[in-house]
Each structure stands twice: as C-alpha cells, then as structure tokens.
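Have the viewer open as you read.

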Amino acid sequence: MTNRIPILRVTPGPSDINANGHIFGGWVLAQMDIAAGIVAGRRADGSVATVAIERMEFIAPIELRDLISVYADVERVGRTSLGIRIEVVAERDRGQTMVKVTEGLFTFVALDDQHRPRLVDRT
Ligand SMILES: CCCCCCCCCCCCCCCC(=O)SCCNC(=O)CCNC(=O)[C@H](O)C(C)(C)COP(=O)(O)OP(=O)(O)OC[C@H]1O[C@@H](n2cnc3c(N)ncnc32)[C@H](O)[C@@H]1OP(=O)(O)O
C-alpha cells in the first residue's frame, strides 16, 4: 500500500463531521466517486458515469485531522462498463498511524457525446 500512488489526497473540513464526531460516510463516498471516475475516465479515454456502487464497506471511522488517500484501480473492463476497486487510507498522528477506513467496488459506464453507453477498447 505505501508504495502505491493515491489518485487523491484530501482532508475533511469541520462541516463534514457527523453527530458522532466522525466524518460523514457521504463525504468519503464522494471522494471515492471522484477518484474512481478519474481512473475510469483515463481507461475509457473519455467521459464516464457511475452506474452502480456494487460494494461499499465502512471499516473504521475517519477523524477530523486525518489525511485521506484514495487509491483506485481498474478491476474489470466490460463491453461499455468498467469495475473500479477503491481503497481509502487515513493517515493520522503525523504519519505514525495508517488506517484503512473504507473500500468499495464501483461500476462506471463509458459515455458517447449523447451520454449513451460507448464501447471501451478492451485491448
Ligand atoms: C483523455 C480522457 C481522460 C479522461 C479523464 C477523466 C477525468 C475526469 C474525471 C471525472 C469523473 C467524473 C465521474 C462522474 C461520476 C458521476 O458522478 S456520474 C453521476 C451519477 N451517474 C449518473 O447520473 C448516471 C445515470 N445513468 C445513466 O445515465 C444510464 O444508466 C447509463 C450510465 C447511460 C447507462 O445506460 P443503460 O441504458 O443503463 O446502459 P446499459 O446498456 O443497460 O448498460 C451499460 C453497461 O452498464 C452495466 N450496468 C448497467 N446497470 C448496471 C448496474 N446496476 N450494475 C452494474 N452494471 C450495470 C451493463 O451491464 C453494461 O455493461 P457492459 O456489459 O456493456 O460492460
């Protein structure tokens, strides 16, 4: 994990805290969607849209001062769709502690100019 390059590095803000004092799941889900969309768009060489969140697991809470790294990789290339696996790691205690906080598998569809599914080059 430590040698991999994250697609995003980001910190949550005070407005992202929920009633438990942790970060809203929706905030991290949005970061995952952005990172996975970048990877899917690169692989599909153009526009993509999220069609499904096939799996999403909140493993550990995110804290306000965490530095969040979002990793995303192409897991599957279909006819017009791509499966992107995402892992989110929180860095805390000035880099002393790394915690895997969420993981997920999102499906994207490559889009043409009319926003309809477009074939992805599978070679
Ligand atoms: C040089 C370029 C660099 C680019 C660098 C880019 C950087 C820039 C990054 C920005 C990245 C932004 C990322 C935005 C991410 C959003 O936020 S998008 C917003 C939320 N999503 C939407 O609004 C999409 C709404 N849905 C739709 O418009 C339509 O459902 C779609 C996506 C056009 C698909 O239409 P459809 O008629 O359902 O398509 P259909 O032919 O039935 O299925 C197409 C494929 O999807 C699969 N599929 C459909 N439904 C499902 C499902 N529920 N579960 C699993 N698979 C499914 C099908 O199995 C099929 O797969 P293939 O067998 O072809 O591989």
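What follows is a short tour of a predicted model, starting with a helix and ending in the loops.

## Helix H1 and its length

Helix H1 covers residues 25-44.

## The buried side

H1 has quite a list of buried residues, including Trp-27, Val-28, Met-32, Val-39 and Ala-44. The buried residues pack against strands E1 (8-10), E2 (48-58), E3 (67-77), E4 (81-92) and E5 (97-110).

Gln-31 is part of that buried set too. Its relative accessibility is 11%, so it falls under the 20% cut-off for buried. Setting aside neighbours within four places in sequence, Gln-31 touches Leu-8, Val-10 and Val-70.

## Positive phi in the loops

Most residues other than glycine have a negative phi. Two residues here go the other way. Just after H1, Asp-45 has a positive phi of about 55°, even though it isn't a glycine. Asp-45 belongs to the loop between H1 and E2, and it counts as exposed because its relative accessibility is 69%, over the 50% cut-off.

Arg-94 is also not a glycine, and its phi is positive, near 50°. You'll find Arg-94 in the loop between E4 and E5. With a relative accessibility of 86%, Arg-94 counts as exposed.

Terms used: Residues are numbered from 1 along each chain as its sequence is written. This is a predicted model: local features need pLDDT of at least 70, side-chain atom pairs count only at pLDDT 80 or more; totals for chains, interfaces and linings use all residues. Side-chain values use heavy atoms; hydrogens and water are left out. Helices (H or I, at least four residues) and strands (E, at least two) are DSSP runs, numbered from the N terminus. Buried means under 20% relative accessible area, exposed over 50%, partly exposed in between (1.4 Å probe, protein chains only). Contact means heavy atoms within 4.5 Å.
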